[in-house]
Structure formats: structure tokens, C-alpha cells
Amino acid sequence: MAILPRIGVLIPAHNEGRSIALVLSEIPTGLAQEVVVVDNASTDDTAAAARAAGATVVTEPRPGYGQACLAGLAYYAAQPAGRTPEIIVFLDGDHSDFPEEMPALLAPLLSGAAELVIGSRALGERERGALLPQQRFGNWLASRLLRLRYGGTHTDLGPFRAVTAAALARIGMADTNYGWTVEMQVKAARLGLRVAEVPVRYRRRIGTSKISGTVRGTLGAGFKILWTIFKYW
């Protein structure tokens, strides 16, 4: 059996106490060296549930999806030599993704065909109601703008993704909230990194979305995504 590179799984989580243990239980056994859940200003038992399920918990009191991801990356970067991951998988904590599809997500990285892999909900199967109309339109518009500017086959800004640590270091992530996923894709395109998409399934999340579940969140996310694209245009 081939020896896998060191794989870290990073899960930003805000008030995911109802779902986080289920998400962690569905990550394929033995695939990840360490699973880090970033408790992002939660007011429920997210941290306790994640620890009980065997994850490392990092606390980030400053709210923001990107802020949580940056905190997780800082934790990984501070690990001793030989323990820092060579590949990082980003996964949501609301049970909307299918963690068991991680091997398919990792395959283009392990074969050397890609440096960044996006799990595309547009190419995969979606449970009815999993993506609201405003989400589908926003993903379509952003993906079309990315294809127009950079070419490629962008179809989604899905949060379920994997990237090599070397590529992530070159990208230099900085966004602290809604622009996180599109910033990664825009910068990867600008750098000429090898990017692939694989179809993934998507289901209705447990609980209410912090973004699409509110008008303010929807408008804020939409503005930030478009602003990020045109910022690097």
C-alpha cells in the first residue's frame, strides 16, 4: 500500500453542536493525520462535542468563516516539523457535505494532477432544497466570471475542497469572512496553479445557514464574493 502524505482536515464551526459529531464520524478512518475543528465564537456545545468525537479543538473568538480557517491554518503551521500536513482538506461542520467522499476529492492531488481540488456541487447530486435559489445563482454568476477572466472549468465555490500545503503557502490566504472560497480560487488561477473539480453530493444542512439563512447574510456574502473577484481582476 502506498504511503499517504500527511493529511489534515480543517472544519470551521459556529454553533454546530447538533451536527459536528456526525460529521467527524463520517470521515474515513485512517485517512487524516489530524482533524481540527475551529470553534468560531460558538454559544453552544460545539467544542465539547468535537473533543468527545476525537477532534483537536482550536478556539477562535473572532467571528468569520475565513477567520476560523486562518486560525486552523495557524495551528497547523505551529506544529513540529514532521507533523505539519502536506495536504489540507476543508470541510463544513453542518453535515451538508459527505466526508466519505474525501478519497475522491484527494485523488487528483495524490496523483499529481492538481494542486487544488474543488468539490463541485454543481457537477454532483444535490438534495432537494440543499442549495437555495440565491445560492445557485450566486455560484453560477461567480463561476462564470471566473471562467471569463481566467478560463478553466469553474462551476462552483464549494467549501469541500483539498489543497497542498505548498500551494496554499503560495496563495497566501487573507480573507476573514465570506470571500474565503473565491479568494482561494482567484489567487490559484492568477498563479497558474493546477486546479481540478470533482463532483460531490450535497444535502440540506443541520440547522440554519449563517449566510443563506438570512437576508443580511445572503447580501453580505454576495457582495463580498463579487468584490473579491473584481479586486483581483
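Residues are numbered from 1 along each chain as its sequence is written, and side-chain values use heavy atoms, with hydrogens and water left out. Because the model is predicted, local features need pLDDT of at least 70 and side-chain atom pairs count only at pLDDT 80 or more, whereas totals for chains, interfaces and linings use all residues. Helices (H or I, at least four residues) and strands (E, at least two) are DSSP runs, numbered from the N terminus.

Seven strands form an open sheet of mixed pairing, in the order E3-E2-E1-E4-E6-E5-E7; two strands pair if DSSP finds at least two bridges between them. Strand E3 (56-60) and E7 stand at the edges with a single partner strand each, so one side of each is left without a neighbour in the sheet. On average, neighbouring strands of this sheet are turned by 20 degrees against each other, direction ignored; the axes are lines fitted to C-alpha atoms, for helices over the stretch in contact, and angles run from 0 to 180 degrees between N-to-C directions. Strands of a sheet pair through backbone hydrogen bonds, either parallel or antiparallel. E5 and E6 run antiparallel and are joined by three bridges. Val117 stands opposite Ala162 in E6.

The 18 residues of H5 should span 26 Å at 1.5 Å a residue, which agrees with the 26 Å between its end C-alpha atoms. Accessibility classes are defined by relative accessible area: buried means under 20%, exposed over 50%, and partly exposed in between (1.4 Å probe, protein chains only). Asn139, Ala142, Ser143, Leu145 and Leu146 of H5 are buried. Seen down the axis of H5, its buried residues fall within an arc of 160 degrees, so they line one face of the helix; the arc is that of the directions from the helix axis to the C-beta atoms. An α-helix has 3.6 residues a turn, so residues three or four places apart point the same way. Pro133, Phe137 and Leu148, on the other side of H5, are exposed.

Side chains of opposite charge can pair when their charged atoms come close. With a salt bridge taken as a side-chain nitrogen of Lys or Arg within 4 Å of a carboxyl oxygen of Asp or Glu, a search of the whole structure finds 13 salt bridges. One of them joins the side chains of Glu86 and Arg6 (3.8 Å, N to O). This pair links distant parts of the chain, 80 residues apart: Glu86 is in the loop between helix H3 (65-77) and strand E4 (87-90), and Arg6 is in the segment before strand E1 (7-13). Glu86 is partly exposed at 36% relative accessible area, and Arg6 is partly exposed at 26%.

Glu115 forms a salt bridge with Arg194, with the closest N and O atoms 3.5 Å apart. Glu115 lies in the loop between helix H4 (102-110) and strand E5 (116-120) and Arg194 in the loop between helix H7 (180-191) and strand E7 (195-199), so the pair ties together parts that are 79 residues apart in sequence. Glu115 is buried, at 16% relative accessible area, whereas Arg194 is partly exposed, at 38%. In the salt bridge between Arg121 and Asp156, the closest N and O atoms are 2.8 Å apart. Arg121 is in the loop between E5 and helix H5 (133-150) and Asp156 in the loop between H5 and strand E6 (161-164), so this pair ties together parts that are 35 residues apart in sequence. Both Arg121 and Asp156 are buried.

Thr46 lies in helix H2 (residues 46-52) and is buried, at 0% relative accessibility. The side chain of Thr46 reaches the backbone nitrogen of Gly17 at 3.1 Å. Most residues other than glycine have a negative phi, and most peptide bonds are trans. Asn15, not a glycine, has a positive phi of about 55 degrees and is placed in the loop between E1 and H1. Ala41, also not a glycine, has a positive phi of about 60 degrees and is found in the loop between strand E2 (34-40) and H2.

Technical notes: The expected span of a helix is 1.5 Å times one less than its number of residues. A polar contact is a pair of N or O atoms within 3.5 Å; within protein, one must be able to donate a hydrogen and the other to accept it, and residues adjacent in sequence count only if both atoms are side-chain atoms.
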